Amino acid sequence: MTGVPASAAGGTGRTPAPGGKLGAAAVNQASLWNVANLLTMVRLVLVPGFVVLMLQDGGYDPVWRAWAWAAFAVAMITDIFDGHLARTYNLVTDFGKIADPIADKAIMGAALVCLSSLGDLPWWVTGVILFRELGITLMRFWVIRHGVIPASRGGKLKTLAQGTATGMYVLALTGPLATLRFWVMAVAVVLTVVTGLDYVRQAVVLRRQGLAAQREARAAEAAMEGPGR
């Protein structure tokens with residue numbers, strides 16, 4: 001497991017002690033509790049906490065809305081750091097691959113649904129954003145066997161715009177700031193649609209290339225087997 005020969009480790013090639021497998025399992029289990037995964041878990045825990053804070057006293061108390069914004073902000077900040085830490089320090093785990101996107105969409109979805117249910121944000125805006133995020137997630141599974149589409153600059157701007165706009169709506173803003181948040185959300189919706197369409201285009205191209213490569217590989221195998229028949 002460690003890449004050290006048995007002789008170098010003082011072993012003689014004999015069967016490992018019964019505790020060896022248990023030790024390896026303990027190491028693998030402990031690896032789940034890295035800082036990146038802990039940040040993802042914090043985001044998951046913040047989702048119900050955010051909803052409770054957001055809907056306190058009917059959902060219109062500025063103080064409770066400020067606390068809800070703080071929870072939302074922490075979730076957005078941890079979203080930035082957990083993926084970076086996982087990639088930089090090789091902390092990527094199966095749990096992180098599954099839980100990270102779930103946590104991202106859960107906190108954003110909870111905020112949008114709460115805002116629409118309170119009448120602060122049109123339901124069509126929430127529908128467009130959630131439909132895009134769910135659709136892209138399903139499309140990732142559709143093309144995963146052919147490759148992975150890297151995050152684009154537009155996608156990162158979309159995430160920033162969504163987080164900023166949603167956070168501004170969570171706060172009980174009035175006056176010019178209330179007008180500003182409308183335009184920030186408008187930009188977020190445009191970026192959501194544009195980047196979503198671009199992702200669809202890239203996914204279709206990637207799948208076509210993957211299928212073409214598979215056909216070429218099968219043709220090459222058939223050509224090699226042909227003379228020997």
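**Salt bridges between the helices**

Trainee: What does aspartate 104 form with arginine 43?

Mentor: Aspartate 104 makes a salt bridge with arginine 43, and their closest N and O atoms are 2.3 Å apart. Keep in mind that this is a predicted model.

Trainee: OK, and which helices do those two sit in?

Mentor: Aspartate 104 is in helix 4 (residues 94-117) and arginine 43 is in helix 2 (residues 35-54), so the pair ties together parts that are 61 residues apart in sequence.

Trainee: Is arginine 43 buried or exposed?

Mentor: Buried, with a relative accessible area of 0%.

Trainee: How many salt bridges are there in the whole structure?

Mentor: A search of the whole structure turns up 5. One of them joins the side chains of aspartate 120 and arginine 65, at 2.8 Å from N to O.

Trainee: Where do aspartate 120 and arginine 65 lie?

Mentor: Aspartate 120 is in the loop between helix 4 and helix 5 (123-143), while arginine 65 is in helix 3 (residues 62-88), so this pair links parts 55 residues apart in sequence. Aspartate 120 counts as partly exposed at 23% relative accessibility, whereas arginine 65 counts as buried at 4%.

Trainee: Switching topic: what does lysine 158 form a salt bridge with?

Mentor: With glutamate 133; the closest N and O atoms are 3.0 Å apart. Lysine 158 lies in helix 6 (residues 153-170) and glutamate 133 in helix 5, so the pair ties together parts that are 25 residues apart in sequence.

Trainee: And are those buried or exposed?

Mentor: Lysine 158 is buried, with a relative accessible area of 6%, and glutamate 133 is buried too, at 12%.

Trainee: Which residues are linked with Glu133 and Lys158 in a network?

Mentor: Arg132 is: Arg132, Glu133 and Lys158 are linked in a network of salt bridges.

Methods:
Residues are numbered from 1 along each chain as its sequence is written. This is a predicted model: local features need pLDDT of at least 70, side-chain atom pairs count only at pLDDT 80 or more; totals for chains, interfaces and linings use all residues. Side-chain values use heavy atoms; hydrogens and water are left out. A salt bridge is a side-chain nitrogen of Lys or Arg within 4 Å of a carboxyl oxygen of Asp or Glu. Helices (H or I, at least four residues) and strands (E, at least two) are DSSP runs, numbered from the N terminus. Buried means under 20% relative accessible area, exposed over 50%, partly exposed in between (1.4 Å probe, protein chains only).
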